[in-house]
Amino acid sequence: MLTTVTIILFISLLKGHLVIGCVLPCTCADTKVDCSSKNLTEIPPSIPSNTTELNLSGNNLTSLLPNDLSDLTSLVILKLNDNNLERLPDDLLSTNTNLQNVDLSGNNIISVPEGLLSTNTDLRVLELSDNNIISLPDGLLSTTTNLNSLALSDNNLESLPEGLLSTTTSLEQMNISVNPLKCCLMKNVIKRLTTVQLVSGTCEDFNTTTEIKSFNTSDCKIPVDGGWSIWSSSSCSVTCGNGVITKTRACDNPTPSDSGLDCVGSETETFFCNLRKCHSKSCNHSKKTRIGH
């Protein structure tokens with residue numbers, strides 16, 4: 001009986017079905033560690049250092065520490081999708097220089113730190129869909145020159161920073177659908193997207209929905225923000241005693257146009273003024289009496 005168990009164990013090891021040292025409650029096969037859907041609230045400690053694929057999807061992770069993945073220097077695929085993450089540490093992936101695929105979709109991420117991917121020069125696939133991202137840092141992808149696929153759908157993005165795609169020369173597909181994008185706010189990015197083979201997404205400019213690759217940036221007018229004119233002042237409201245002076249200005253220097261911003265502040269201001277003291281008038285109509293002789 002012992003011999004049979006030993007043989008089964010040996011065969012399992014050869015086939016990679018059983019990995020000695022695999023951390024519970026995860027399961028391991030070769031260098032793949034599956035911790036998905038385990039109701040985890042933190043990343044388990046002592047994950048094998050030779051792990052190349054780590055699946056942490058479908059758990060209850062709400063936050064991560066900068067050193068949570070620091071020992072996993074062989075990591076190639078990382079799945080953190082479908083958790084409850086809101087923010088990511090800037091140094092979270094700093095030691096994982098072999099990463100090729102990162103999935104952070106299906107979380108509650110609001111913002112992404114600019115240095116998150118600064119050491120991941122071999123990254124090919126980045127999934128950030130189905131989050132609450134309102135903006136992306138200009139240099140987020142500055143070192144990911146091999147990026148092939150970028151997914152940003154189902155977020156709250158109104159625009160993409162001008163430098164976001166400036167170094168992604170290998171980009172072939174990009175999904176930015178289901179975002180309130182304003183293409184006139186990212187004309188240079190639109191020009192870059194014309195070279196990407198597959199682009200999914202629409203613009204919401206001019207009260208019209210337009211496919212991004214069909215959007216004509218020449219239709220965009222430069223917004224002009226309003227500016228205040230010089231103050232003009234009235235004279236004091238009275239000729240004597242206490243009164244007020246009224247100052248006025250207009251938002252016409254220039255007048256806002258093409259979705260430009262209105263002037264901030266008040267059109268009028270009032271100040272107290274004090275002139276000479278008022279004197280009451282009194283009339284003495286006493287009659288002169290002529291004394292006769």
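This is a predicted model: local features need pLDDT of at least 70, side-chain atom pairs count only at pLDDT 80 or more; totals for chains, interfaces and linings use all residues.
**Entry 1: the loop between E2 and E3**

I started at Asn39, which is found in the loop between strand E2 (32-34) and strand E3 (53-55). Helices (H or I, at least four residues) and strands (E, at least two) are DSSP runs, numbered from the N terminus. Residues are numbered from 1 along each chain as its sequence is written, and side-chain values use heavy atoms, with hydrogens and water left out.

I looked up the backbone of Asn39 and found phi near 60°, a positive value in a residue other than glycine. Most residues other than glycine have a negative phi. Is Asn39 buried or exposed? Asn39 counts as exposed, because its relative accessibility is 55%; the scale calls a residue buried under 20% relative accessible area, exposed over 50% and partly exposed in between (1.4 Å probe, protein chains only).

Ser46 lies in the loop between E2 and E3. Its phi is near 65°, again a positive value in a residue other than glycine. Ser46 has a relative accessible area of 62%, so I wrote it down as exposed.

Ile47 is found in the loop between E2 and E3. With a relative accessible area of 11%, Ile47 is buried. I also checked how Ile47 sits relative to Asp71: they are 24 residues apart in sequence and 8.5 Å apart in space, C-alpha to C-alpha.

**Entry 2: the second largest pocket**

Ser46, Ile47 and Asp71 turned up again when I listed a pocket lining. For my own bookkeeping: on a 1 Å grid over the protein atoms alone, a pocket is an open set of points where a 1.4 Å probe fits, with protein on both sides within 12 Å along at least five of seven lines, and lining residues have an atom within 4 Å of a point.

Which residues line the second largest pocket? They are Ile43, Pro44, Pro45, Ser46, Ile47, Asn67, Asp68, Leu69, Ser70, Asp71 and Leu72. I sorted the lining by class and got six nonpolar, three polar and two charged residues. In that sorting, Ala, Val, Leu, Ile, Met, Phe, Trp, Tyr, Cys and Pro count as nonpolar, Asp, Glu, Lys and Arg as charged, and the others, Gly among them, as polar. The space in this pocket comes to about 170 Å³, a volume being the space filled by probe spheres set on grid points that are joined across faces, edges and corners.

**Entry 3: cis peptide bonds**

Most peptide bonds are trans. I noted a cis peptide bond between Leu24 and Pro25, with omega about 5°. Pro25 lies in the loop between helix H1 (2-15) and strand E1 (27-29). I noted another cis peptide bond between Asn253 and Pro254, where omega is also about 5°. Pro254 has its place in the loop between E13 and E14.

Strands pair here if DSSP finds at least two bridges between them.

How many bridges join E12 to strand E13 (residues 242-248)? I found two, and these strands run antiparallel. Ser232 stands opposite Thr248 in E13. E13 and E14 are joined by seven bridges and run antiparallel. Ile245 stands opposite Phe271 in E14.

Asn216 lies in the loop between strand E11 (210-211) and E12. Asn216 is partly exposed, at 39% relative accessibility. Its C-alpha atom is 9.2 Å from that of Lys187, 29 residues apart along the chain.

Ile230 is found in the loop between E11 and E12. Ile230 is exposed, with a relative accessible area of 77%. Ile230 and Arg249 are 19 residues apart in sequence and 6.1 Å apart in space, C-alpha to C-alpha.

I then followed Arg249, whose charged end sits over the ring of Trp228, 4.0 Å from its centre. The test asks for NZ of Lys or CZ of Arg within 6 Å of the ring centre and within 35 degrees of the ring normal.

Last, I searched the whole structure for aromatic pairs and found one. The rings of Phe206 and Phe215 have centres 6.3 Å apart and planes at 10°, so the pair is stacked. Rings of Phe, Tyr and Trp (its six-membered ring) pair if their centres lie within 6.5 Å; planes under 30 degrees apart count as stacked, over 60 as edge-to-face and the rest as tilted. Phe215 counts as buried, at 11% relative accessibility.
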